[in-house]
Amino acid sequence: MTVGSPSPFAPPAARTVVCARCGMRQADGWNRCARCGSSLHRWVAHPPPGTRAATPAPRAEPPPYAGPPGYRGGHPRWSFPPVVWQEQVPTPEARRRSDPAGALRAAAALAALSGLVSLTAAAAEAWRFSLMLQGRTNVLAGATVRTSDVFVAAAGALAVAMTVAALVVAVVALARTHPAAARRLGREPSRSIPAVLARLLVPGWNLYGAGQIVTEIDRMLAVRDAPAGRPARAAKLTVAWWLSWLVSAGLMLVALARGLGGSLQAIADTVELHIAVDLAAAVCAALGAAMLLRFAWLLRRRPPIPAGWVVREPAPTRG
């Protein structure tokens, strides 16, 4: 045995391991590090000897950008429309189409013409009534009587045509104004379009429903003029039109009922009632024209400022 060489009977030297987490060298035989507690024995996979590590394949360069795609037959319908996602601001043409002020002014013009024609029809009926009074004691000329009959028939037919045209345009204008007045206040319409049309068109029901619709429109448009803390009320003009509408309808029913009689007194009473019907229609048309123009003027004003809002000074900014 050589001097200085280790004895074969000596105990083997203690093996040490190094913690991969904290780097502390310590004696082997423990499963966890004495300092950080992590596992000391970890399996590490190595490639077998004599093999090379696989080199990663080179990544292909992306092709250069060739511009946006083009479609021969137009943009495909299965995708999103080619627009920028942003808030859609209505164009001036869209605002004009949704603004009922133009329809209100057209209905007011037709109502004014209808009132003038109704006054003409009332004058024709008054002339007929005067001829009936003269015929009690005098013999009337045939040409005068024929002229009066033609005048009454033409004026009556024209009055009916103008009244129907004014009513059709006014119904359309009011059906558009009711939801527009609600949205102007930042609210949803309380009635649907069919519900508004039913109250304006159904016979019998429209005697009350028409007044209900116009007063609701008037209250929504006149919120700005209402006193603070009080609900808006319909204007006297709107209430007067509703009353004239009821009176005109009542006189028309009485005239139709009286016209069923065949006596001379019934004929004379019918002529007098026709005069009253024409005058009431003229008053109703004039008030309706003024009311529709008022609605158009109220729509042109700025919407009211929401109540309860307090404008505060901006917070100070730091330089």
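**Entry 1: the pocket**

Before sorting anything, I noted the classes: Ala, Val, Leu, Ile, Met, Phe, Trp, Tyr, Cys and Pro count as nonpolar, Asp, Glu, Lys and Arg as charged, and the others, Gly among them, as polar. I also reminded myself that this is a predicted model.

With those classes I went through the lining of the largest pocket and got 33 nonpolar residues, nine polar and two charged. That lining has 44 residues, and the pocket's volume comes to about 1200 Å³. I looked up who sits nearest the centre and found Thr163, Leu167, Trp245, Ser248 and Met252.

Which helix gives the most to the lining? It's H3, with 13 residues. Helices H2, H4, H5, H6 and H7 are also on my list, as each supplies at least two residues of the lining.

**Entry 2: the rings**

Next I looked for aromatic pairs, and the count is three. One of them is Trp241 with Trp245, which is stacked, at 5.5 Å centre to centre and 20° between the planes. Trp241 and Trp245 are four residues apart in helix H6, so about one helical turn separates them. Both of these Trp residues are buried.

**Entry 3: Thr177**

Then I moved to Thr177, which is in helix H3. Is Thr177 buried or exposed? It counts as buried, because its relative accessibility is 0%. Leaving out residues up to four places away in sequence, I found that Thr177 touches Pro100, Leu104, Ile217 and Leu299.

Note on methods:
Residues numbered from 1 in each chain as written. Predicted model: local features only at pLDDT ≥ 70, side-chain atom pairs only at ≥ 80, totals over all residues. Heavy atoms only, no water. 1 Å grid on protein atoms, 1.4 Å probe; cavity = no way out; pocket = protein on both sides within 12 Å on 5 of 7 lines; lining within 4 Å. Points joined across faces, edges and corners; volume = space filled by probe spheres on them. Phe/Tyr/Trp six-rings, centres within 6.5 Å; stacked < 30°, edge-to-face > 60°. Buried < 20%, exposed > 50% of the residue type's maximum accessible area, 1.4 Å probe, protein only. Contact = heavy atoms within 4.5 Å.
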